[in-house]
Amino acid sequence: MTFKVDFKVRDYECDLQGIVNNSVYFNYLEHARHEFLYANGIDFAQLARDKINLVVMRSEIDYKQSLVPGDEFYVVVEPERISRLKFGFRQTVIRKSDDKVMLKALVIGTSVNEQGRPFLPEQVNQLFKSE
């Protein structure tokens with residue numbers, strides 16, 4: 001299953017070098033994951049209200065090239081099962097003008113209940129049933 005979200009670099013996301021600050025990519029990736037969940041019937045905010053918290057355990061990012069102000073790009077999201085209680089999102093940032101890969105990431109997470117214990121609610125587990 002592949003999913004993508006479109007973006008455009010805003011001036012204030014760039015640092016003194018005129019490129020997107022490395023921390024901003026985390027925001028792009030997170031927003032794309034939330035949109036992926038929402039498109040698959042999972043409301044991240046509602047889960048939190050229900051005392052189910054999706055949490056990031058690990059983020060691996062390989063920066064390939066830098067985005068600059070005005071660049072249009074998209075983030076590809078591909079979910080994968082990591083283990084019984086862990087899931088991953090392979091994400092790629094691709095510049096639209098030339099289809100150049102700007103960044104590749106693997107974000108690994110789980111969900112925790114009100115007591116902070118890991119578990120996967122059925123609606124999240126369903127994302128990985130076809131794998």
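**Salt bridges in the predicted model**

At 43% relative accessibility, Arg 10 is partly exposed. This value comes from a predicted model. The side chain of Arg 10 forms a salt bridge with that of Glu 13, at an N to O distance of 2.6 Å. Glu 13 has a relative accessibility of 5%. That value is under the 20% cut-off, so Glu 13 counts as buried.

Five salt bridges are present in the structure. Another of them pairs the side chains of Glu 80 and Arg 90, with 2.7 Å from N to O. Glu 80 belongs to strand β3, which covers residues 72-81. Arg 90 belongs to strand β4, which covers residues 87-95. The pair therefore ties together parts that are 10 residues apart in sequence. Arg 90 is partly exposed, at 40% relative accessibility.

A further salt bridge links Asp 98 to Arg 95. The closest N and O atoms of this pair are 2.7 Å apart. Asp 98 has a relative accessible area of 41%. Asp 98 is therefore partly exposed, a class that lies between the 20% and 50% limits. Arg 95 has a relative accessibility of 13%. Arg 95 thus counts as buried, because the limit for that class is under 20%.

Technical notes
Residues numbered from 1 in each chain as written. Predicted model: local features only at pLDDT ≥ 70, side-chain atom pairs only at ≥ 80, totals over all residues. Heavy atoms only, no water. Salt bridge = Lys/Arg side-chain N within 4 Å of Asp/Glu carboxyl O. Buried < 20%, exposed > 50% of the residue type's maximum accessible area, 1.4 Å probe, protein only. Helix = DSSP H or I, 4+ residues; strand = E, 2+ residues; numbered from the N terminus.
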